[in-house]
Amino acid sequence: MLFDFSKLSPADRQYYLHNAVAPRPICFASTIDQKGNVNLSPFSFFNVFSSNPPIVIFSPARRIRDNSVKHTLENVSAVPEVAINIVTLDMVQQQSLASCEFPKEVNEFEKAGFTATPATRINPPLVKESKIQLECAVIEVKPLGNERGAGNLVICEVLCMHINDTLLDENKKMDPRHLPLVGRLGEDWYTVVNEQNLFQVPKPNTSLGMGIDSLPSAIRTSQILTGNDLGQLANFASIPPLDPAFQDPHLKQIVHYFSVNPDQMELEIHRYASQLLSKGEAGTAWQVLLYSVVS
Ligand SMILES: Cc1cc2nc3c(=O)[nH]c(=O)nc-3n(C[C@H](O)[C@H](O)[C@H](O)COP(=O)(O)O)c2cc1C
């Protein structure tokens with residue numbers, strides 16, 4: 001189905017964008033007004049856009065309901081500083097509570113039960129319970145429109161960042177398996193990073209992958225191998241040479257069992273290669289596939 005955005009209501013545009021452009025990280029923004037009143041609200045229109053200069057952007061949008069603007073936007077326009085606190089699973093319910101539309105004078109740190117702790121370079125306080133906090137100067141506020149749902153880009157330069165010691169190893173590196181980051185999807189859906197849903201895709205940056213168009217046609221047009229399988233095979237710089245010493249008991253079994261039916265043998269070899277690829281064993285998968293290509 002094609003959705004023509006010029007024909008959708010602001011609420012529907014928001015609905016489909018929220019569901020499709022997801023999961024989004026959450027900027028838990030602590031800001032102050034000119035009198036020093038503190039505000040704390042979550043924003044999932046948020047990401048990093050540059051590391052040099054170090055720039056993150058979030059977007060408090062005009063309310064779809066009545067086109068009013070958010071207190072956070074008013075605050076960063078008056079005092080161009082923001083403490084961005086990263087949200088983890090242990091904080092998610094309280095951060096949601098902080099998104100209630102409390103009156104301007106209400107301090108959401110108190111309402112949501114978070115501890116305000118002084119920042120080092122800016123005036124808005126940090127959320128003590130957050131394991132990562134970014135102290136930022138707001139360098140520009142760019143409205144994207146005046147209608148209901150219009151975003152306002154709050155462009156922030158990161159001045160410094162606090163990372164809880166428990167997240168750093170002896171080389172000051174971070175392991176995503178130890179940081180249950182929370183992301184926002186559409187409606188009430190959230191996701192969390194944990195070891196079960198993390199996986200790695202090796203960067204193809206050392207040498208250029210040959211590309212799917214360079215794979216042998218029997219592999220490229222396989223009924224078994226998936227797009228993910230082909231992506232891994234084509235990430236090799238060239239078709240690897242057949243290793244004469246390569247031995248594989250399962251391949252041997254397939255060859256033995258299906259020797260009278262070469263078409264079926266090819267399917268079984270592809271199935272086995274696909275299993276190897278799903279375990280990240282691309283080199284072995286190539287050797288297995290080469291057997292069917294050359295035989
Ligand atoms: C997880 C989460 C993400 C949100 N993301 C945004 C967002 O990106 N932009 C926005 O305008 N409102 C967003 N909201 C809603 C605001 O947090 C909410 O309108 C809040 O009351 C604004 O507070 P303020 O008026 O004190 O700034 C989000 C709410 C939640 C719970």
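Which element gives the most to the shell around the ligand? Keep that in mind while we walk through the model.

A quick word on the ground rules. Residues are numbered from 1 along each chain, following the sequence as written. The model is a predicted one, where local features need pLDDT of at least 70 and side-chain atom pairs count only at pLDDT 80 or more, while totals for chains, interfaces and linings use all residues.

Let's start with the whole chain. The protein chain has 9 helices and 12 strands; these are DSSP runs numbered from the N terminus, with helices being H or I of at least four residues and strands being E of at least two. Its radius of gyration, taken over C-alpha atoms, is 26 Å, well over the 19 Å that the globule rule (2.2 Å times the number of residues to the power 0.38) gives for 295 residues, so the chain is more spread out than a compact globule. Along its principal axes, the C-alpha trace spans about 85 × 55 × 35 Å. The chain is divided into domain 1 (5-196) and domain 2 (212-294), with bounds that come from an automatic or database domain assignment. The C-alpha centres of the two domains lie 47 Å apart.

Next, look for the open sheet. Its 7 strands pair in the antiparallel sense, in the order β3-β2-β6-β9-β10-β5-β4, and two strands pair if DSSP finds at least two bridges between them. At the edges sit β3 and β4 (46-51), each pairing on one side only. Follow β4 and you reach β5 (residues 54-58): the two form a hairpin with 2 residues between them, and 5 bridges join them. Within that pair, F46 has F58 as its bridge partner. Elsewhere in the sheet, β2 (residues 27-32) and β6 (residues 81-86) share 4 bridges, and C27 stands opposite I86.

Now for the ligand. It is surrounded by 17 residues, and the closest are S41, F45, K70, H71 and T72; a residue counts as near if its C-beta atom, placed from the backbone, lies within 6 Å. Two elements give two or more residues to this shell, β3 (38-43) and α2 (71-78). And here's the answer to the opening question: β3 gives the most, with 4 residues. The shell divides into 6 nonpolar, 8 polar and 3 charged residues, where Ala, Val, Leu, Ile, Met, Phe, Trp, Tyr, Cys and Pro count as nonpolar, Asp, Glu, Lys and Arg as charged, and the others, Gly among them, as polar.
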